[in-house]
Amino acid sequence: MHDYESIFANIKARYDIRIRRWRSNMTGCAWRVRYSDGRTINWVECPRIKSPISLAIFLHEVGHHVIGFDRYTLSCEEEYHAWRWAIRTMRALGVEPDARTQRRLDLSMQYAVEKAMRRGLTIFPQELHEFQLRAA
């Protein structure tokens, strides 16, 4: 059994993350608020961390803050890199992603690529080609 509470506390402190609310479902959201006096607050919403999948969702949302919201032009590319960061961080913390976590990553990426395709994107970065083939 992993000590999810200490993992959560360490990540939250390291990346200066605040929890806006705990979600009752397995979804998340990340955003940054900038104030005129120069302060910034990094917010996330996610499920309480009780399993590898909820840890992955929390880390994915933190990943958006770590990689930066304006680093990638395509939202599907940002999603991919946030998931990559989350999985790498899980492994570094000694938590191996289970099949449910991997399925969540795959479905999330397939949805992001399908959404980009519906909006007219036809050329994708190389790392998204596998998801583009599944979405087609």
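**View 1. Helices H2 and H4 cross in this predicted model.** Here we zoom in on H2 (residues 52-67) and H4 (residues 99-118), whose axes come within 8 Å and cross at roughly 40 degrees. The crossing of H2 past H4 is right-handed.

**View 2. Who touches whom between H2 and H4.** On the H2 side, look for Pro 52, Ile 53, Ala 56 and Ile 57. They meet Arg 100, Thr 101 and Arg 104 of H4. Sort the contact residues by class and you get four nonpolar, one polar and two charged.

**View 3. E2 and E3 make a hairpin.** Strand E2 covers residues 29-34 and strand E3 residues 40-47, and the two pair in the antiparallel sense over six bridges. Five residues sit between the strands. In that turn, keep an eye on Gly 38, which has a positive phi of about 100 degrees. For a closer look at the pairing, find Trp 31, whose bridge partner in E3 is Trp 43. Arg 32 has a bridge partner in E3 too, namely Asn 42.

**View 4. E1 pairs with E3 as well.** Strand E1 (residues 17-23) runs parallel to E3, again with six bridges.

**View 5. E3 is largely enclosed.** How many of the eight residues of E3 are buried? Seven are, so the rest of the structure largely encloses this strand. E3 is also the strand that pairs with E2 in the antiparallel sense and with E1 in the parallel sense.

Definitions and conventions
Residues numbered from 1 in each chain as written. Predicted model: local features only at pLDDT ≥ 70, side-chain atom pairs only at ≥ 80, totals over all residues. Heavy atoms only, no water. Pairing = 2+ DSSP bridges. Helix = DSSP H or I, 4+ residues; strand = E, 2+ residues; numbered from the N terminus. Axes fitted to C-alpha atoms, helices over the stretch in contact; angles between N-to-C directions. Left-handed = near helix turned anticlockwise from the far one by under 90°. Contact = heavy atoms within 4.5 Å. Nonpolar A, V, L, I, M, F, W, Y, C, P; charged D, E, K, R; others polar. Buried < 20%, exposed > 50% of the residue type's maximum accessible area, 1.4 Å probe, protein only.
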